[in-house]
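Q: I have a structure open and have not looked at it before. Can you walk me through it?

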Amino acid sequence: MNTAATTIEQLSPEAAFAKLGLTLPPAPLPLGVYKPYLIDGKYLYVSGHGPVQDDKSLIIGRIGREIDTENGKLAARQVGLTILSTIKTHLGSLDRVKRVIKVLGMVNCVSEFERHPYIINGCSELFAQVWGEENGIGVRSAVGFGSLPDNIPVEIEALFELV
């Protein structure tokens with residue numbers, strides 16, 4: 001492991017996120033009948049999130065048609081940032097999360113597209129940077145869909161363990 005990764009591993013999630021120099025979009029409000037998150041004992045369930053941008057708009061398009069693979073991966077990272085925003089907004093701090101348990105990544109793509117895991121790495125790599133490799137990488141599924149709400153390219157839901 002390189003020195004930069006070792007340094008981030010020793011930082012709190014809030015400090016690691018600050019070191020990345022990224023900004024969080026606004027936490028989205030539910031657009032249907034559901035809760036954006038739910039705490040059950042020591043577990044935090046986060047509903048499916050889309051790629052919300054800083055101006056509250058969504059990244060739109062199907063991977064393999066309007067969006068290429070690299071921009072799809074960036075869209076997944078943006079979904080990760082949106083999930084972090086929900087955590088920070090509703091729990092007050094990323095430090096409340098001990099580790100990532102599970103990520104389910106859904107990719108809106110053409111039927112010929114087969115690199116779903118690569119796309120979802122955009123979110124998974126972000127979580128590993130925030131919580132470190134030991135706590136930031138959980139179990140995961142990455143699957144393709146023929147469509148997603150509002151034609152977003154990626155939707156991700158996650159389960160976390162709280163401190």
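**Loops, fold and surface**

A: Start with Lys56, which sits in the loop between strand S2 (43-49) and helix H3 (69-91). Helices (H or I, at least four residues) and strands (E, at least two) are DSSP runs, numbered from the N terminus. This is a predicted model, where local features need pLDDT of at least 70 and side-chain atom pairs count only at pLDDT 80 or more, while totals for chains, interfaces and linings use all residues. Residues are numbered from 1 along each chain as its sequence is written, and side-chain values use heavy atoms, with hydrogens and water left out.

Q: What is the phi of Lys56 near?

A: Phi of Lys56 is near 75°, a positive value in a residue other than glycine. Most residues other than glycine have a negative phi.

Q: Is Lys56 buried or exposed?

A: Lys56 is exposed, at a relative accessible area of 64%. Buried means under 20% relative accessible area, exposed over 50%, and partly exposed in between (1.4 Å probe, protein chains only).

Q: And where is Asn151?

A: Asn151 is in the loop between strand S4 (139-145) and strand S5 (154-162). Its phi is also positive, near 65°. Asn151 counts as partly exposed, with 29% relative accessibility.

Q: OK, the whole chain now. How many helices and strands?

A: The chain has four helices and five strands. Along the sequence their pattern is α-α-β-β-α-β-α-β-β. The radius of gyration is 15 Å, close to the 15 Å that the globule rule gives for 163 residues, so the chain is as compact as a globular protein of that length. That radius is taken over C-alpha atoms, and the rule is 2.2 Å times the number of residues to the power 0.38.

Q: What share of the residues is buried?

A: Buried residues are 44% of the 163 in the chain.

Q: And the contacts, what share join residues at least 24 apart?

A: Of contacts (heavy atoms within 4.5 Å) between residues at least 6 apart in sequence, 82% join residues at least 24 apart.

Q: Which domain does UniProt place here?

A: The unreviewed UniProt entry places "domain: Endoribonuclease L-PSP/chorismate mutase-like" at residues 18-134. UniProt positions are given in the numbering used here, feature names are shortened, and annotations may be inferred rather than shown by experiment. Residues 18-134 are 38% helix and 20% strand, and the end C-alpha atoms of the span lie 19 Å apart.
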